[in-house]
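Hi,

Here is the structure I promised to pass on. Have a look at it first, and then read my notes below.

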Amino acid sequence: MIATSKRIPIESVQPDSSFESLGIDSLDRLNILFDLESEFDIEIDDAQAKQVTNIHQMVEGITQLLEAKSASSPAE
Amino acid sequence: MSSVNRVVVTGTGVVSAFGRGTDAFWQGVSSGTSAIRPLTGAYVAPIRFNNGAEFADYVPEEHFEAKDLNFMERFAQFAVIAAREAIASSGIEFSPELRESAAVITGSCLGGRPIEEAGYWELFHNGKNRVHPFTIPLSMANAGASHICMEFGLEGPSYTISTACASSTHAIGQAFWMVRSGGASMAIAGGSEAPFFLGNLKAWEAMRVISKDTCRPFSLERSGLVLGEGAAMLVLETLDSALARGANPLAEIVGFGMSADASHITQPAATGAIRAMRGALRDSGLAPEQIGYINAHGTATETNDRIETAAIRETFGPHADKLAVSSTKSMHGHALGAAGALEAVASILSLRCGILPPTANYLTADPNCDLDVIPNQPRKTHAEACLSNSFAFGGLNAVLAFKTYV
């Protein structure tokens, strides 16, 4: 998703890649947040999003949101 | 007419979240009262913020006949109401010659897009195959200027500038230069905006720059801007013609500077702001030490306030610690294309009345915004001259300089 949005090689996006090293600026961040919210059907809080500075933190944050989402949805 | 005229402001008109009129606006901002409140529209539910500076009590029918309202979106109505007050308060009477050479320069960022939104909803969702036949004349950003021209029969150079949050500062600056050079005998200049419609609120939400709290410029706790609506118009004329008809100038407009950051589409660069402030100072012939007050752009985003502080420090050097700076957006909200005009009125009246409006909602000092920001309480100070800063998304900057007229 990040590789596509930034038009950079997928290999360059590693778990420990910082957004800074990938050249991700504030507008790119907005784009990524928008894509993540659409892809996973989640809502990412502004203040929490601001704390995230690398891919690892991003994945961790998304995982938490997805876990919270499945926990709150009714059991089938 | 000489080629370089002194230009004065002889009338103001305002529509804002404080209601109709310059008096209501000035009473609000000069007392440190914030007009930011929960939004009243039906669109509130699905939006991640719920505050704004709305003119909630506005009743269009009190100002226009039904047949005229068919041709005017909310932002154009605001423009005309503000122009009516500005012209009435200036006491100017239009001769046929004056009408022919009077300029009307307005700023608006969004124009009348709500009518487009309504039409597109019908097209995309309700299977309709047509939109309202007035969609174009209602939505065009120059509708405000056109309606002012029509109402008062003004036939001189008239146009609309759209530079996002700097629109009406650019408009006033252009009008000032036009009157100063003799290109127009007088001008109605300002801006209007009505940004409270769902598509636009969603667009701002997606930018993640709107505070969920309130607008706290220069404060450590600031969390973004709060949208506002309204209009402000000025009557600009030459000092000679104002005095000749016995008018009472409110202030002199002495300088205008503009620049482009040429850097980033949303992140401001201090260099552009510095060049715009220096340009306004140079154009005015004022020494930096004569500036006692700056009405800051002060959006309350983390970046703007930090960069603007650095830019003021660089422009003014040691004098930065002696001048007072405030953001009245903390009270009237960020009215986008009308913001600069509302702030120009606040600047003019601060010189006129000897009261500097505060930065409201201020909590804790931010070391990155270490100027005298007049926290929360208005200050009785007679500034000799002031600047009014507007720095738009897109890096387009405009700064006006006003001087006390005595």
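Let's start with B:His147, which touches B:Phe71, B:Met72, B:Ala76 and B:Val80 once you set aside neighbours within four places in sequence. B:His147 sits in helix H7 of chain B, residues 143-152. Its relative accessibility is 14%, and since the cut-off for buried is under 20%, B:His147 counts as buried. Keep in mind that this is a predicted model.

Next, B:Thr10. You'll find B:Thr10 in strand E1 of chain B, which covers residues 7-16. B:Thr10 is buried too, at a relative accessible area of 3%. The side chain of B:Thr10 makes a polar contact of 2.6 Å with the side chain of B:Glu237. Leaving out residues up to four places away in sequence, B:Thr10 also has B:Ser89, B:Ser90, B:Val235, B:Ala242, B:Arg245, B:Ala247, B:Pro249 and B:Leu250 among its contacts.

After H1(B) comes B:Gly32, which has a positive phi, near 75 degrees.

Then there is an arginine in a loop. B:Arg222 lies between helix H9 (198-207) and strand E8 (230-238) of chain B. Is B:Arg222 buried or exposed? Its relative accessible area is 9%, so B:Arg222 is buried. A polar atom of its side chain lies 2.8 Å from the backbone oxygen of B:Glu302. Besides B:Glu302, the residues that B:Arg222 touches include B:Arg216, B:Ala300, B:Thr301, B:Asp305, B:Arg306, B:Asp366 and B:Cys369, with residues up to four places away in sequence not counted.

Finally, a word on confidence in chain A. The mean pLDDT of chain A is 88, and 96% of its residues reach 70 or more. Within chain A, helix H1 (residues 2-6) has the lowest confidence, with a mean of 81, while helix H4 (residues 55-72) has the highest, at 92.

Cheers

Methods. Residues are numbered from 1 along each chain as its sequence is written. Chains are lettered from A and ligands numbered from 1 in the order in which they are written. This is a predicted model: local features need pLDDT of at least 70, side-chain atom pairs count only at pLDDT 80 or more; totals for chains, interfaces and linings use all residues. Side-chain values use heavy atoms; hydrogens and water are left out. Helices (H or I, at least four residues) and strands (E, at least two) are DSSP runs, numbered from the N terminus. Buried means under 20% relative accessible area, exposed over 50%, partly exposed in between (1.4 Å probe, protein chains only). Contact means heavy atoms within 4.5 Å. A polar contact is a pair of N or O atoms within 3.5 Å; within protein, one must be able to donate a hydrogen and the other to accept it, and residues adjacent in sequence count only if both atoms are side-chain atoms. pLDDT is the predictor's confidence in each residue, from 0 to 100.
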